[in-house]
Amino acid sequence: DIGDVGHKYHLELVLEDVLDKDSTVNCTAEVLYHLGNKNIAPDVHFTIEGELKNTDEADNIFYNRIKSLEKELVAENIPDSHGNVSPEMEPIRLLAWVASGYVIWQNSTENTKFQLAQIKHVKQVKRSDEYLEFDYMILLHEMVSQEIIPWQMTVLWHPQHGVQVTQDSRQPKHA
Amino acid sequence: DQVLHIVPETFQQVQHLQHLCSTLLLDLWKPLLSEDIWAGEDLHIRVPAPLVQEVKDSLDQHMISYKVLIPDVQEHVDQSMPRERSSHRQVPEGYVYTQYHPMEEIYQWMTQIQKNNSELVTQHYLGKTIENRTMYYLQISQPSDKTKKIIWMDCGIHAREWISPAFCQWFVKEILQNYKSDPKISRFLQNLDLYVLPVLNIDGYIYSWEKDRLWRKNRSPHMNGTCYGTDLNRNFNSSWGSIGVSYNCSSEIFCGFGPESEPETRAVAQFIERKKSDILCYLTIHSYGQYILTPYGSTTKPPSNSEELMHVAEKAAAALMGKYGTSYEVGSTSLILYSNSGSSRDWAHMIGIPFSYTFELRDKGTHGFVLPPDQIQPTCEETM
């Protein structure tokens, strides 16, 4: 408890590679939730002990596949109602997951617990530079209120430059 | 029959392979069409047993190298089929428990289950939903002259939690398939009756199949049909409306206009109230989160038999983990999850049912409500 400032949490956690459950790495982090103003994202500082796996090969395969598409990629409902994701859409889902992590961080308080529930819609946006751009409409599930919140996010990605969320906005729940 | 894996190196080889496929009518697994065979690309062909030698000789003659991907297709098929040979007369033949089923099919399944296992299973009317659909529960009861205590389990109180009804169906199947051969299950049934409600929130479940996969509540119309649904797990008469709810219909945790305002809630509550002196254990199955939750959600004050409740739950979590290493957290809702009131589990305990638990099945958020079907089996097996 940091008087007048907020609540600070010290965490020791283990990161597990989603694609390789045996690959884990230890991590320590400090999270500071600010008092009062709910519009400020919590401060996060972390250290990773060791190295994350190199993903260059898979990144480049995905990058080249998208670059060589004749028409911009468009897709809906990932996963589908039954939980299935086609192999071609797996990287699109993983990208949304990472990007949603940013959105979740920016909108989290001590009383929220967000998860990405589903990608409603994704559309690739043509770019003249070397970046890939995707316009996503995702659904976030908030555990405490149990609400499903639609959220728009524009995601930039490049194998060497990583992920960026350049724009995001909460959407109204349609009746 | 064998499946061969070939990577043609030249255009000539491609041509020969195409010729072989068309003259011998071989079964192309990859690619699907002969004209899509390319040099440098994987080719998988299934060769019928009588032709295997001839095909291999021809490949050797043309210096086309190959690998045997599947040496015996029939054996491969047999191995990947579920081992239900011995008791398939007891459960509906062909019912796939590793897939999600729409309500129509679940109704049919219940009828079949009773028909095929009439010495043990009876289907009973519980009540009607707001959209006038019939709620049925299955009673699994071994004939005996002594009155037995009851374990009640309901699934699907929240529409989007599809793994929950899938688990109820799996559970019934497992009991019926193994009660004669498994000593634990047969001892169980000598002393206890099982009452299973496979889908509590039928209207909501159907709605999640047809209109909105992530729907949670029931489908009762409010405000002249401008707003739908009460959260049935906030609608029971356990500190109703006090905490962890919304009084606004548009919220996912809208508790309704009064305790037991919903017909689905009343149907369950009235039945359990009537039988409560015989009910030993109340189980309600949800997803997701991997928790075994004990009372209460509405207060952090522990229930009277808190130690015993925790002890049993901890043993359950350990047994569950023993199967696939899946870890479940155990504790009271108000302490490890969030506050809520009007839950069915709290209500069951408050009216005197000693063991009352909420199970939140897989996973921890990676897939959340939309758990892929390949996780149905492991989830159900470990929970069993």
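**Spaces, sheets and contacts**

User: What volume does the second largest cavity have?
Analyst: On a 1 Å grid over the protein atoms alone, a cavity is a set of points where a 1.4 Å probe fits but cannot get out. Grid points are joined across faces, edges and corners, and the space filled by probe spheres set on the points is the volume. For the second largest cavity, that volume is about 80 Å³.

User: Before we go on, what pLDDT do local features need?
Analyst: Residues are numbered from 1 along each chain as its sequence is written, chains are lettered from A and ligands numbered from 1 in the order in which they are written, and side-chain values use heavy atoms, with hydrogens and water left out. This is a predicted model, in which totals for chains, interfaces and linings use all residues, side-chain atom pairs count only at pLDDT 80 or more, and local features need pLDDT of at least 70.

User: Which strand gives the largest share of the lining of the second largest cavity?
Analyst: Lining residues have an atom within 4 Å of a point, and here they include A:W97, A:L116, B:T366 and B:H367. Helices (H or I, at least four residues) and strands (E, at least two) are DSSP runs, numbered from the N terminus. Helix 2 and strand 5 of chain A each supply at least two lining residues. The largest share, four residues, comes from strand 5 of chain A.

User: How is the lining of the largest cavity divided by class?
Analyst: This cavity has a volume of about 150 Å³, and B:H286, B:L293, B:L337, B:Y338 and B:E360 are the lining residues nearest its centre. Ala, Val, Leu, Ile, Met, Phe, Trp, Tyr, Cys and Pro count as nonpolar, Asp, Glu, Lys and Arg as charged, and the others, Gly among them, as polar. The lining divides into seven nonpolar, nine polar and five charged residues.

User: Which helix gives the most to the lining of the second largest pocket?
Analyst: A pocket is an open set of points with protein on both sides within 12 Å along at least five of seven lines. The second largest pocket holds about 1,200 Å³ of space, and its 34 lining residues include B:F171 and B:F188 close to its centre, among those nearest it. With seven residues, the element that gives the most is helix 9 of chain B.

User: Why is one side of strand 1 and of strand 3 of chain A left without a neighbour in the sheet?
Analyst: Two strands pair if DSSP finds at least two bridges between them. Three strands of chain A form an open antiparallel sheet in the order 1-2-3. Strand 1 (6-17) and strand 3 (43-49) of chain A stand at its edges, so each has a single partner strand.

User: What angle does helix 2 of chain A make with strand 5 of chain A?
Analyst: Contact means heavy atoms within 4.5 Å, and helix 2 (residues 90-106) touches strands 4, 5, 6, 7 and 8 of chain A. These five strands form an open antiparallel sheet in the order 4-5-6-7-8. Axes are lines fitted to C-alpha atoms, for helices over the stretch in contact, and angles run from 0 to 180 degrees between N-to-C directions. The angle is about 120°.

User: What area is buried between chain A and chain B?
Analyst: The contact takes 22 residues from chain A and 23 residues from chain B. Buried area is the accessible area (1.4 Å probe) that two parts lose on being put together, summed over both. Carbon and sulfur atoms give 55% of it, and the total is about 1,900 Å².
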